[in-house]
Amino acid sequence: MCGIVGYIGNRSATPIVVKGLRSLEYRGYDSAGIACIDDGQAQLFKQSGRVDKLEASIDKSSLNAPLAIGHTRWATHGLPTTFNSHPHSNADRTVFVVHNGIIENYQDIKTKLQGEGYTFVSETDTEVIPHLIDYYLKSSKSFEEAFKKALRDLGGAYAIAAITTKEPGKMFAARLSSPLVIGVGKNEHLLASDPTALMEHTKKVIFLDDYDVAVITNKKVAVHNLKKGKIAERKAELLDYDNQEALLGDYPTFMLKEIFEAPATIRSATLGRTIASKNLVKLGGLESVTSQLEYIDRLVIVACGTSYYAGLVGEYLIEELAGIPVEVQLASEFKYRNEPFSRSTAILAISQSGETADTIAALKKVEDYGVLRLGVVNAVGSTISRITDAGVYCHAGPEQAVASTKAFIAQVTVLMQIALRLGDSGSKQYKAILKELDALPAKAQEVLDQAEEIKRIALKYKDYRDFLFIGRTYSYPAALEGALKLKEVSYIHAEGYASGEMKHGPLAMIDENFPTFAIATNSPILSKAYSNIQEIRARKGPVVAIATKGNKAIKKHADDVIYVPDSLEQTSLILSTMVTQLFAYYIAEAKGLNVDRPRNLAKSVTVE
Ligand code: F6R
């Protein structure tokens, strides 16, 4: 949520920062801006809208600047106007700041500064930061001192980059609850809220921790921790990252590309972890906590959005395969609940970005309880991967479309392996699932091969205003996720329900203008799915069904049928989800919407 990029070195900073911003646009795309300093002279460019518009407005004379910071915004305080876009500056334009997060006490600071004669030109919380630095500069020996004094006054969450014309050989950075990473190059340093923006230049990175303040020159990074009150040693790490994965290639959109990556996603989430021929699941990331895993008698999964739905699948899997009671909680609710939490309870956070503020807050809440904190995370080196005791990476590669697709597939695949790892390796089910995981990439490919047919059916339904998605057991979370995907990218109102709940209320909405997407793949209770579909048809509701290949009977029950290959109940939800992803995609595409950048949303939600 909001992207920050900074550069200091010997190269031309402006184009490097603009390109970095473009790669971070998925974090916010309401407005963008850049400030650069060359020879003690600053230039500032800001635009509402996308980075392309910003780039077109940049004066060529800025191209020599060796120092720049930039920002792409997802608005929290104030409309996405040019005035509200970052960087923000003090009145005489000597201090420039970009910020990700929320300054919760900004109104108090603003009032105090206004009393000191400061005037504000935007409605943002961020604008207090350059003015506050300016205020402290009057009583400080250096910018660093004033910067630190200002940071001590800020409440809330922040990742901040700042530059000043008074010390043009330095870039300043600070973090509290919002991610910030420094890229280490040869005689140059970069700064970004997500390593994706750095990878073209360097894979050597330094992750900042909470309360860190960094003073960055082209040769050196000095980090000081405000809370501990001392110099902090922050080692550079090498990130294993394939640049090509972040590129669009021949696909028209990232969402389509990422849906089509499903077979590879399953393969890489299981690579070296499941070996069916040896009846083995080996999760290296959990090895350090092997003995603690023995004692878990309750697992609480915390996550948001799509990751939360993956967690619901995890609940079914872990309870069924490992016999451990599982609760799945929305991270945003978990934080504010007063529930009993014993030491034999473990917490498992699921997150694609590893930076979701609510999920981080949930983990922080149990920090002092002495419980085991686990993570299922995609983004390597992200906050959640670093604050948990152990975990399993999804290895799905960078997910760029705002709507999560391949990450869900990877999360479910990983959760399945965790359930197997915690379960009884001698059971029939264990062997069957392990074998099926091997077969799944080919079955996922079969779903993709039907993309044209799914598109044909999707176009038939594109003009409806509302949609229901229903499913039972493992297909229930898939129905919830299908509804989320449709509303997110096509803006059609959609709701996911457990099939059995229809007659407890939702059925009242059904008529010929309210279609239902019913997931009715093979399961021991398939006949119940038929009954639920009939209840809908009896009220004239159109029905699209997902069924297992070979099921001819379903044709009697549904207006349209999309078949998926035969698979286990525990795994076929992955195939059904791919169908709903494509369904949502093609409707949004037909409506001419920006599928990768749905309105009002941003990826990586780093504010609560
Ligand atoms: C939906 C979507 C969101 C995320 C949610 C959690 O398509 O992408 O609902 O799943 O914001 O994000 P992560 O997984 O990064 O914690």
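Visitor: Which residues of helix 17 are buried?
Guide: Leu526, Ala529, Tyr530, Asn532, Ile533, Glu535 and Ile536 are the buried ones in helix 17. Buried means under 20% relative accessible area with a 1.4 Å probe, protein chains only. Helices here are DSSP runs of H or I with at least four residues, strands are E runs of at least two, and both are numbered from the N terminus.

Visitor: What covers the buried residues of helix 17?
Guide: The cover includes strand 23 (466–471), strand 25 (516–520), strand 26 (543–548) and helix 18 (554–557).

Visitor: Where do these values come from?
Guide: This is a predicted model, where local features need pLDDT of at least 70 and side-chain atom pairs count only at 80 or more, while totals for chains, interfaces and linings use all residues. Residues are numbered from 1 along each chain as its sequence is written, and side-chain values use heavy atoms, leaving out hydrogens and water.

Visitor: New topic: is glutamate 355 buried or exposed?
Guide: Glutamate 355 counts as buried because its relative accessibility is 8%. You'll find glutamate 355 in the loop between strand 20 (345–351) and helix 11 (357–365).

Visitor: And what does glutamate 355 touch?
Guide: Leaving aside residues up to four places away in sequence, glutamate 355 touches Pro179, Ile360, Ser382, Thr383, Ile384, Ser604, Val605 and Thr606. Contact means heavy atoms within 4.5 Å.

Visitor: How far is the C-alpha of glutamate 355 from that of serine 193?
Guide: Those two C-alpha atoms are separated by 10.0 Å, and the residues are 162 apart along the chain.

Conventions: Buried means under 20% relative accessible area, exposed over 50%, partly exposed in between (1.4 Å probe, protein chains only).
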